[in-house]
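The sequence and structure are shown first.

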Amino acid sequence: MAILEVIATCIDDVRLIVQGGASRIELLSGLSEGGLTPSGALIRAAVHATGDIPVMVMIRPHAMGFCYSPADIEIMMDDVATAQDCGAFGVVFGALTEKGEVDLKVMDRLMRHIGPMEVTFHRAIDATKDPVGAIRRIREYPSVRSVLTSGGRGNIVDNLPVLAAMKEEAGPALRIMAGGGVTLGNIGRIAEAGVAREYHLGKAVREDGTYLGRIMPEVVEQFAKIVAGF
């Protein structure tokens, strides 16, 4: 069954996304900065407001890329614990080395604190030198169930061959989530290509297509109907 995930940055977003019929919510702050860790209070409120809809919490301490210092990692581990304590279904993070490869040392440390939660490796993968090769690294972690990606840099539709190769490399246990440039105009083509069973939406469901635009539940519903057809 296809999954439609929508970004929420506040409790009103959460309620409108639920109204629109999304399958899952990614909760974060700093949408215009690519997503940052939300507060514990917002996580608790979102989990309470969604009912049965899973909430995935962004774990990203700053917007200065995806390389993290020891102090950053300590903060990320605390944030993972907070997300779990607040009842989040899972967390979303990614870490890279200075060479643009998946940082296995950081991943190993964070994974020790995941507990029963699921993990999405976020679009840090699109900043790697080799997104397909990065999948081979990520799939070593059983708790990582999804990878959010546009198939690397550039337009997601142009990257469909890369997404297909990533899906092949991922195998049955790791799901590819198409995100970053998914619109009403192209989601049908992406779905028809069979490169993903999960779809991630941000500005595409907001008024005027801006970071600060209000969530439009009727547009969320349109996406949900399209995704349900595949």
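This is a predicted model: local features need pLDDT of at least 70, side-chain atom pairs count only at pLDDT 80 or more; totals for chains, interfaces and linings use all residues.

Lys129 makes a salt bridge to Glu101, with 3.8 Å between the closest N and O atoms. Lys129 sits in the loop between strand S5 (118-121) and helix H5 (131-138), while Glu101 sits in the loop between strand S4 (90-93) and helix H4 (104-111), so the contact ties together parts that are 28 residues apart in sequence. Glu101 has a relative accessible area of 41% and is therefore partly exposed.

## Further salt bridges

In general, side chains of opposite charge can pair when their charged atoms come close. The count for this model is 13 salt bridges. One of them joins Glu169 to Arg136, where the closest N and O atoms are 3.4 Å apart. Glu169 belongs to helix H6 (residues 160-170) and Arg136 to helix H5, so this pair ties together parts that are 33 residues apart in sequence. What is the relative accessible area of Glu169? The value is 17%, so Glu169 is buried, given that buried means under 20%. Arg136, at 39%, is partly exposed.

Another pair lies within a single helix. Glu221 forms a salt bridge with Lys225, and the closest N and O atoms are 3.7 Å apart. Both residues are in helix H8 (residues 217-228), four residues apart, which is about one turn of the helix. Glu221 is partly exposed at 36% relative accessibility, whereas Lys225 is exposed at 59%. Salt bridges also link Glu5, Arg24, Glu118, Arg145, Arg175 and Glu198 in a network.

## Strand S1 and its partners

Strand S1 (residues 3-8) is mostly covered, with five of its six residues buried. Which strands pair with S1? Strand S8 (residues 198-201) pairs with S1 in the parallel sense over four bridges. Strand S2 (residues 24-27) also runs parallel to S1 and is joined to S1 by four bridges.

Val6 has a partner in each of these strands: the bridge partner in S8 is Leu201, and the residue opposite in S2 is Ile25.

In H4, the residues Val106, Met107, Leu110 and Met111 are buried. These residues span an arc of only 130° around the axis, so they lie on the same side of H4. The elements covering the buried residues of H4 include helix H3 (70-85), S4, S5 and strand S6 (144-149).

In H6, the buried residues are Leu160, Leu163, Met166, Glu169 and Ala170. The buried residues of H6 pack against H5, S6, strand S7 (175-179) and helix H7 (187-193).

## Positive phi angles

Gly171 follows H6 and has a positive phi, near 75°. A positive phi is also found at Asp208, with a value of about 65°, although Asp208 is not a glycine. Asp208 lies in the loop between S8 and H8. With a relative accessible area of 75%, Asp208 is exposed.

## Cysteines

How many disulfides does a search of the whole structure find? The search finds zero. Cys86 is in no disulfide, and the nearest cysteine sulfur, that of Cys10, is 17 Å away. A disulfide requires two cysteine sulfur atoms within 2.5 Å.

The relative accessibility of Cys86 is 9%, so Cys86 counts as buried. Cys67, by contrast, is partly exposed, with a relative accessible area of 28%.

Definitions and conventions
Residues are numbered from 1 along each chain as its sequence is written. Side-chain values use heavy atoms; hydrogens and water are left out. Buried means under 20% relative accessible area, exposed over 50%, partly exposed in between (1.4 Å probe, protein chains only). Helices (H or I, at least four residues) and strands (E, at least two) are DSSP runs, numbered from the N terminus. Two strands pair if DSSP finds at least two bridges between them. A salt bridge is a side-chain nitrogen of Lys or Arg within 4 Å of a carboxyl oxygen of Asp or Glu. The arc is that of the directions from the helix axis to the C-beta atoms. Contact means heavy atoms within 4.5 Å.
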